[in-house]
Amino acid sequence: MGCPPWTLTRSGGWQRTAGESVAVVAASLVLGGATSFAQGLLPDPLRPLANSVSGWTLLTALIIWLLHERTAPSAVFGAVSFGCLVLGYTAVSALRGFTYHPLFFGVVGVIAGPLVGVAAWLRERRRRAALGAALLGGIALGECAYGLVRISATTGRFYWTVIGVVGLVLVGVTLWRRVDGARDVALGAGLTAIVAAVFFLAYGVGV
């Protein structure tokens, strides 16, 4: 007799998860290392992209988006990806002779990574789409506010303004095209504001 169908399904599921895990770790380490080089190559107005929460959030969200996974694996992969981006950046910076302490951004990755993982929800509709857009858009807007208020004197305003516009467009387009009902629209808009405010306050304390 052959193996029961459930055995094959379970085996295939574990193989897929293992393969995705390796891909997430490898891609994140490489991209994190690349951001270290990018700091010296990008023009000054875009340089914060290579070493900011929003920059690494965009990379993590892109990786999660490409996996087409469910919510729970996406949340785990989000934390793993963000953490590996930080480790990749730290390792390459050390090889280039620069000292970088990954503790703060490593903690940020553990906390924010699972939230970034819900980028997978942007493929859905109604409430989940609203929540996914609010979490990602709120991070972008929170760092936009922090950058403009706290560090624009040394970094300029261009990048922080751009990332804020990206966050607003993401939330606005998602609520317009993928969310039905005033209650879910209000939920998405309200949560965006809350995430942005929490990010601004927490980031200001941690940095």
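This is a predicted model: local features need pLDDT of at least 70, side-chain atom pairs count only at pLDDT 80 or more; totals for chains, interfaces and linings use all residues.
Local features are taken at pLDDT of at least 70 and side-chain atom pairs at pLDDT 80 or more, while totals for chains, interfaces and linings use all residues. Residues are numbered from 1 along each chain as its sequence is written, and side-chain values use heavy atoms, without hydrogens and water.

I begin with α4, residues 103–116; helices here are DSSP runs of H or I, at least four residues, numbered from the N terminus. The 14 residues of α4 reach 19 Å from first to last C-alpha, close to the expected 20 Å, where the expected span is 1.5 Å times one less than the number of residues. A kink of about 40° lies at V110, shortly before P114; the bend is the angle between axes fitted to the seven residues ending there and the seven starting there.

I turn now to the largest pocket. About 320 Å³ of space lies in it. Of its 13 lining residues, I111, A112, V198, F199 and A202 are the closest to the centre. Helix α4 supplies the largest share of this lining, 6 residues, and α5 (126–155) and α7 (182–206) each supply at least two. By class, the lining has 13 nonpolar residues, no polar and no charged.

The second largest pocket has a volume of about 270 Å³. Among its 16 lining residues, L58, A61, L122, L136 and L170 lie nearest the centre. Here α6 gives the most, with 6 residues.

Technical notes. On a 1 Å grid over the protein atoms alone, a cavity is a set of points where a 1.4 Å probe fits but cannot get out, and a pocket is an open set with protein on both sides within 12 Å along at least five of seven lines; lining residues have an atom within 4 Å of a point. Grid points are joined across faces, edges and corners, and a volume is the space filled by probe spheres set on the points. Ala, Val, Leu, Ile, Met, Phe, Trp, Tyr, Cys and Pro count as nonpolar, Asp, Glu, Lys and Arg as charged, and the others, Gly among them, as polar.
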